[in-house]
Amino acid sequence: MNDRSLLADRDPLVFAGSPLDRGELLRRDESRVAGLLGGNEGWWLGLVEGDPVLQGQGGLFWFRRDEIAALADMECGLFLGHYRGSPCFAAAITAPDSLPLGTQVTPARQAAMALSHDEAAIYAQAKALLAWHARHGFCAACGSATLIRSGGGRRQCPACETEHFPRVDPVVIMLATDGDRCLLGRQEAWPEGMWSALAGFVEPAETLEEACARELEEEAGVKADIAQIRYVMGQPWPFPSSLMIGLVAPVSDATVTVDPHELEQARWFSRDEVRAMLAGTHPDAAMPPSIAIARRLSELWVDGAI
Ligand SMILES: [Zn+2]
């Protein structure tokens, strides 16, 4: 029951597999980065409150610099990296009413399901970085206004010289298993009948396995043996800056006691039930859509790959 080729054969998860060369070396040369950001070479993405601007046909709408300059906050323009030899940038659109005819601002999750893998990954980077910069204009150490450096790879405080780097928040998401059953939970706010893998933020001074075991016990009362917990795959999740860390966690005590503050319900599902949920044929239970790592973990478990 551990066929790794099943893992390798599948498409990368949405937002993963970025094709960009992020240009770490280039970013160390501030004048070169400034030249790129101010020049007419390459392509720009414009985001409207985090949502992408799509073309009529569905792909990302890539602006030339002179096209986006009048619509966006170019002071906070970011260099994302090179794609097929061209530099790519992102900026927050401040005049959405003036977007080119035929373009469409599309909600992030909806866009993610429609974009190519390459474009979804580039968009994820733009979305997470723009959100971080929008919230980190002031130094957390001394309160002074900070400046963008390295094309957006960091910010620096001119008063106390502290450097601030874009943050990624690790989230463990785990399929707890008990032989031929897996544990799924649901929150009250979710669509009726939707079930998913349990998840939670990693806390300071905690390993991934420890976070996984703690969350399972806190949310559902089940106990997992830390030595048995295994990493499966990760997924960038730019809402706003998470990294989903997919794990599989065989449990040693399968007794479920739900914490009602965290979950509405949690219960064990048989492999046949999960197979039906994935196929959309279960009478009253469903899995999240294909962009979600929880769905991929369930697919792999049903197929015996994890
Ligand atoms: Zn400072």
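How many bridges join strand 1 to strand 4, and in which sense do these strands run? In the predicted model, strand 1 (residues 43-48) and strand 4 (residues 86-92) are joined by five bridges and run parallel. Within this pair, tryptophan 43 has cysteine 88 of strand 4 as its bridge partner. Both strands belong to an open sheet of five strands, which is arranged in the order 3-4-1-2-5 and has mixed pairing. The edges of this sheet are formed by strand 3 (78-83) and strand 5 (104-105), each of which pairs on one side only. Helix 6 (residues 117-135) packs on the sheet, where it touches strand 1, strand 2 (51-54), strand 3 and strand 4. The direction of helix 6 makes about 165° with that of strand 3.

The domain assignment of the protein divides it into domain 1 (24-135), domain 2 (138-166) and domain 3 (168-302). The centres of domain 1 and domain 3, taken over C-alpha atoms, are separated by 33 Å. Eight residues from domain 1 and seven residues from domain 3 take part in the contact between them. On the side of domain 1 that touches domain 3, the elements that give two or more residues are helix 5 (108-114) and helix 6. Helix 6 gives the most to this side, with five residues.

A second open sheet is formed by three strands in the order 6-7-8, with antiparallel pairing. Strand 6 (147-149) and strand 8 (163-164) stand at the edges; each has a single partner strand, so one side of each is left without a neighbour in the sheet. Strand 6 runs antiparallel to strand 7 (residues 154-156), and three bridges join the two. In this pair, the bridge partner of isoleucine 148 is arginine 155 in strand 7. The loop between strand 6 and strand 7 contains serine 150. The phi angle of serine 150 is near 55°, a positive value in a residue other than glycine.

Valine 171 has methionine 244 of strand 14 as its bridge partner. Strand 13 (residues 230-237) also joins strand 14, in this case through seven bridges and with the two strands running antiparallel. Here arginine 230 stands opposite valine 248 in strand 14, and glutamine 235 stands opposite methionine 244 in strand 14. Methionine 244 is therefore placed between two partners, since it is the bridge partner of valine 171 and stands opposite glutamine 235, as strands of a sheet pair through backbone hydrogen bonds, either parallel or antiparallel. Strand 12 (residues 223-224) runs antiparallel to strand 14 and is joined to it by two bridges. The bridge partner of lysine 223 is aspartate 253 in strand 14.

Strand 13 and strand 14 form a hairpin with four residues between them. Proline 240 lies in the loop between these two strands. A cis peptide bond, with omega of about -5°, joins phenylalanine 239 and proline 240.

Two helices, helix 8 (residues 271-279) and helix 9 (residues 293-302), pack at an angle of about 130°, and their axes are 10 Å apart. That angle makes helix 8 oblique to helix 9. The crossing of helix 8 and helix 9 is left-handed. From helix 8, the residues Arg271, Val274, Arg275 and Leu278 meet Ser298, Glu299 and Val302 in helix 9. By class, this contact of helix 8 with helix 9 has three nonpolar, one polar and three charged residues.

Terms used: Residues numbered from 1 in each chain as written. Predicted model: local features only at pLDDT ≥ 70, side-chain atom pairs only at ≥ 80, totals over all residues. Pairing = 2+ DSSP bridges. Contact = placed C-beta atoms within 7 Å. Axes fitted to C-alpha atoms, helices over the stretch in contact; angles between N-to-C directions. Domains from an automatic or database assignment. Parallel < 35°, antiparallel > 145°, perpendicular 65-115°, else oblique. Left-handed = near helix turned anticlockwise from the far one by under 90°. Nonpolar A, V, L, I, M, F, W, Y, C, P; charged D, E, K, R; others polar.
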